[in-house]
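Student: I have a protein model open and want to learn how to read it. Can we go through it feature by feature?

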Amino acid sequence: MMSLTCKDAAVAWTAAALCMAAFALPATAQAQEQLYLEPPPGWEKAYDTRQGTAEIRQFVPEGQNLDDWSDMVVVQVMHGLSTMPPDLFLASVPGQLEKYCEEPRFGDIQKGLMAQQEAAFQIVQCPLNTLTGRGELSMFLVIKGQSNLYALQRAWQTPSYLGEDAPIPQAAMDAGIAYLRAAKLCSSLPCR
């Protein structure tokens, strides 16, 4: 069971390299491993690149963009990194976030299985991102595949909330968890 205790660092992790697999991203020709995650209805791709061995895609609702967003989904596919445990990958987030966040808060890293794959989940809060002047909350789900490591992120950007809880309604938090849990890692087609 995933608990809700902390908030996020959408910008730093996004910059670190994330990839949204909205329609099945093949991991390697050999493994035929694919991540399947539909973007939310009405959302559009705002960023798509490959940085070294990582594919990065970001999605925002129609009318938002990378400079002005309040909701974002990011998925990173790190090819060939399946040897890294998901919780170890999440443990690297504080070092990245603390560079630009005042009073960061980190929820417990929760480990488990997702469709027989090793996975880890964490909520991270950044009450004040010094790069944007806004607050952020992110949920991270990292899944270890046969060939790759997959990092999924659901993020919200808010007004700064130093000394307070993030102004994200519980219903939105619950929907964010449900959205991330809908991701599928498949080894055959079709991936549904």
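Student: Where does pLDDT stay under 50 in this model?
Tutor: Remember that this is a predicted model. Over residues 1-31, pLDDT stays under 50. The model still has 153 contacts beyond four places in sequence for residues 1-31.

Student: What is the mean pLDDT of the chain?
Tutor: The mean is 82. Of the chain's residues, 81% reach 70 or more.

Student: Let's take strands. How do I read the side chains along one?
Tutor: In a regular strand, side chains alternate between the two faces of the sheet. Now look at strand S9, residues 117-129. Of its 13 residues, 12 are buried, so S9 is largely enclosed by the rest of the structure.

Student: How many bridges pair S9 with S10, and in which sense?
Tutor: Nine bridges, in the antiparallel sense. The hairpin of S9 and S10 has four residues between the strands. There, Gly 133 takes a positive phi near 75 degrees.

Student: How many bridges are there between strand S8 and S9?
Tutor: Five, and the pairing is antiparallel. Strand S8 covers residues 110-114. Its Lys 111 stands opposite Ala 120 in S9. S8 and S9 also form a hairpin, with two residues between them. Ala 115 in that turn has a positive phi of about 50 degrees.

Student: What about strand S7 and S6: how do they pair with S9?
Tutor: Strand S7, residues 105-106, pairs with S9 in the antiparallel sense over two bridges. Arg 105 has Gln 125 in S9 as its bridge partner. Two bridges also join S6 to S9, and these strands run antiparallel. Here Cys 101 stands opposite Asn 129.

Student: Now disulfides. What is one, and how many does the search find?
Tutor: A disulfide is a covalent bond between the sulfur atoms of two cysteines. A search of the whole structure finds one. It joins Cys 101 to Cys 126, with an S to S distance of 2.3 Å. Cys 101 lies in strand S6 and Cys 126 in strand S9, so the pair ties together parts that are 25 residues apart in sequence.

Student: Are Cys 101 and Cys 126 buried or exposed? And why is the disulfide called right-handed?
Tutor: Both cysteines are buried. The torsion about their S-S bond is about 130 degrees, so the disulfide is right-handed.

Student: Which strand holds Pro 127, and what does this residue touch?
Tutor: Pro 127 is found in S9. Pro 127 is buried, with a relative accessible area of 0%. Leaving out residues up to four places away in sequence, Pro 127 touches several others, including Cys 101, Glu 102, Arg 134 and Tyr 161. Ala 166 is 39 residues away along the chain, yet its C-alpha atom and that of Pro 127 are separated by 7.1 Å.

Student: Last topic: cores. What is the general idea, and which residues have the most contacts inside the largest one?
Tutor: In soluble globular proteins, nonpolar side chains tend to be buried together. The largest nonpolar core here has 27 residues. Met 139, Leu 141, Ile 143 and Leu 152 have the most contacts inside this core. S5, S9, S10, S11 and helix H4 each supply at least two of its residues.

Notes: Residues numbered from 1 in each chain as written. Predicted model: local features only at pLDDT ≥ 70, side-chain atom pairs only at ≥ 80, totals over all residues. Heavy atoms only, no water. Disulfide = S-S within 2.5 Å. Buried < 20%, exposed > 50% of the residue type's maximum accessible area, 1.4 Å probe, protein only. Core = buried A, V, L, I, M, F, W, Y, C linked by side-chain atoms within 4.5 Å. Contact = heavy atoms within 4.5 Å. pLDDT = per-residue confidence, 0-100. Pairing = 2+ DSSP bridges.
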